[in-house]
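Hi everyone, thanks for making time this morning.

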Amino acid sequence: GFVETFIGTKEKERALRFRRWQDKQANLLGKLLLAHLLKQYGYSKQILRNLDYSEFNRPYIKQAKLDFNISHSGEFVVCALSDTQLIGIDIELIQQINLEDFSYILNSHDQVRINDSADKYFSFFQIWSAKEAMLKADGRGLVNELDKLEINGDLGIFEKTIYHLKELKIDPLYSSFIASATPIENVRIQRLSNEDLFEYL
């Protein structure tokens, strides 16, 4: 189909491994969003047919001097692109959950921040999305000891490496952060609908 024309059979197969149809769709939309952004840097639509994966299953493009990262939650798919450094992005739908079920990702500083907050769920998902963005910028993905990640304002620390965090105000019902090893000075946010992406194709 037309999707395979742009992302290739292997990427389509990766998307189809997701169990929920929503995740399958979000994965494909994320790749199409990436293709749209890469086109602005002069790359052809078909560049995603040449995606490679690191040993930690992080996608990258050998022939592009750019780093990218994709995340999705709820009704949003987000893609961050940097021409200077590794970058991580995460977005989370803020919802009511049993916070005790997720205490394993929190350290004592996180617990205090949540307990002192007027909106505990908002604070929790801010911490969660910031930590996820840091891990993705690190390149190794999920680790077991999320509580070891420290967040102090717009800085995060993971195994003695400092990450700079920037909150993205995408929607009041979502928390989203980007993370990188050096400060992110210029952020340009583009908002595209599904129709925009398919029109581009």
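Let me begin with a question: is K160 buried or exposed? K160 is exposed, because its relative accessible area is 84%, and the cut-off for exposed is over 50%. Please keep in mind that this is a predicted model.

K160 is found in the loop between β7 and β8. The backbone there is worth a look on your screens. Most residues other than glycine have a negative phi. K160 is not a glycine, yet its phi is positive, near 70°.

Now over to E159. E159 also sits in the loop between β7, residues 155-158, and β8, residues 161-167. Its phi is about 50°, again positive in a residue that is not a glycine. E159 is exposed too, with a relative accessible area of 53%.

How much space lies in it? About 150 Å³.

And which residues line the second largest pocket? They are S73, G74, E92, L93, Q95, I97, F102, F124, F125 and W128. Sorted by class, that lining has 6 nonpolar, 3 polar and 1 charged residues.

For those of you thinking in terms of secondary structure, β5 (87-93) and α4 (120-138) each supply at least two residues of this lining. Which element gives the most to it? That is α4, with 3 residues.

Methods:
Residues numbered from 1 in each chain as written. Predicted model: local features only at pLDDT ≥ 70, side-chain atom pairs only at ≥ 80, totals over all residues. Heavy atoms only, no water. 1 Å grid on protein atoms, 1.4 Å probe; cavity = no way out; pocket = protein on both sides within 12 Å on 5 of 7 lines; lining within 4 Å. Points joined across faces, edges and corners; volume = space filled by probe spheres on them. Helix = DSSP H or I, 4+ residues; strand = E, 2+ residues; numbered from the N terminus. Nonpolar A, V, L, I, M, F, W, Y, C, P; charged D, E, K, R; others polar. Buried < 20%, exposed > 50% of the residue type's maximum accessible area, 1.4 Å probe, protein only.
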